[in-house]
Amino acid sequence: MRCERCKGCMIRDSFVDLRDDTGRVLFEGWRCINCGEVVDPVVLTHRIDVPTKPYRGQTRDRRTWERLTAV
Ligand SMILES: [Zn+2]
């Protein structure tokens, strides 16, 4: 898998995340060994489910956030 940010190599990795009131959640995702970009299953699901919304990625998509603020 290629990083969409820097086109670097991404590897499978495990992450511990904090989710609302459910406490700690362990999930598997992808991490770029070059720039540290993280793509998790939640982000991927959002990209697939809401392609027609005004903006993509919503809360967890750091790339979209950076793109908007860079303009
Ligand atoms: Zn990268």
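Two residues are in contact if their C-beta atoms, placed from the backbone, lie within 7 Å. With that in hand, let's look at this protein.

This is a predicted model, in which local features need pLDDT of at least 70, side-chain atom pairs count only at pLDDT 80 or more, and totals for chains, interfaces and linings use all residues. Residue numbers start from 1 along each chain, as its sequence is written.

The protein has two helices and three strands, arranged along the sequence as β-β-β-α-α. Helices (H or I, at least four residues) and strands (E, at least two) are DSSP runs, numbered from the N terminus. Of the 71 residues, 6% are buried. Here, buried means that 20 or more other C-beta atoms lie within 10 Å of a residue's own, exposed means 12 or fewer, and partly exposed is in between. Among contacts between residues at least 6 apart in sequence, 30% join residues at least 24 apart.

| Residue | C-beta neighbours inside 10 Å | Class |
|---|---|---|
| Cys3 | 19 | partly exposed |
| Lys7 | 11 | exposed |

Cys3 sits in the segment before β1 (10-19). Leaving aside residues up to four places away in sequence, Cys3 touches Gly8, Met10, Cys32, Asn34, Cys35 and Glu37. Ile33 is 30 residues from Cys3 in sequence, with a C-alpha to C-alpha distance of 9.1 Å.

Lys7 also belongs to the segment before β1. Although not a glycine, Lys7 has a positive phi of about 65 degrees. Most residues other than glycine have a negative phi.
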